[in-house]
Amino acid sequence: RKEYVDLYVNYEFNKSVQKPFEDFMQGFLRGCPARNWKMFFPKELQVLLQGHETFDWHLLEENVTYTQYRKSDQTIRNFWTVFHKLPEEKKKMFLAFLSGSDRITGYGLEYFRFCIEDPQEENPDEVCPYASTCNLILFLPR
């Protein structure tokens with residue numbers, strides 16, 4: 001019985017997927033040569049490819065720059081007060097709104113910078129916040 005189970009498990013996990021895996025690996029290595037990836041440990045490679053999933057949101061606040069705003073402005077203070085009260089899922093949704101992804105690149109949050117800018121609209125009550133994802137700018141009306 002043990003031999004049967006061993007052979008069956010070997011077939012299911014190795015033999016049955018060998019050809020599709022070889023085809024995938026050949027295509028993957030054509031675009032991403034293995035010599036470039038061997039320097040990473042598996043966890044490091046995962047972070048590099050997928051990005052970070054956990055964040056220090058206060059560090060994010062520290063890294064923000066402001067245009068036509070100061071950190072002490074009431075609008076900015078209100079923004080960060082509300083932001084820090086949001087659940088984790090909503091904060092990640094904000095990150096996706098701002099950058100197009102709910103993850104931060106492999107470099108880490110300490111290198112992630114974005115700008116909050118006043119769009120200087122004539123009637124700011126009629127304008128919703130919007131973002132320039134390519135430039136990492138949040139346009140936040142007063």
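Let's start with the rings. This structure holds 13 aromatic pairs, where rings of Phe, Tyr and Trp (its six-membered ring) pair if their centres lie within 6.5 Å; planes under 30 degrees apart count as stacked, over 60 as edge-to-face and the rest as tilted. The model is predicted: local features need pLDDT of at least 70, side-chain atom pairs count only at pLDDT 80 or more, and totals for chains, interfaces and linings use all residues. Residues are numbered from 1 along each chain as its sequence is written, and side-chain values use heavy atoms, leaving out hydrogens and water.

First example: Trp 57 and Phe 83. Their ring centres are 5.6 Å apart and their planes sit at 70 degrees, so this pair is edge-to-face. Trp 57 lies in helix H5 (residues 57-62) and Phe 83 in helix H6, 26 residues apart. Helices (H or I, at least four residues) and strands (E, at least two) are DSSP runs, numbered from the N terminus.

Trp 57 is buried at 6% relative accessible area. Buried means under 20%, exposed over 50%, partly exposed in between (1.4 Å probe, protein chains only). Phe 83 is buried too, at 2%.

Next, Phe 79 and Phe 83. Centres 6.1 Å apart, planes at 20 degrees, so stacked. Both lie in helix H6, four residues apart, about one turn of the helix.

Now the sheet. Four strands form an open sheet, ordered E1-E2-E4-E3, with mixed pairing; two strands pair if DSSP finds at least two bridges between them. E1 (65-67) and E3 stand at the edges, each with a single partner strand.

Last, Cys 134. What feature does UniProt place there? An "active site", from an unreviewed entry; positions follow the numbering used here, feature names are shortened, and annotations may be inferred rather than shown by experiment. Cys 134 is exposed, at 75% relative accessibility.
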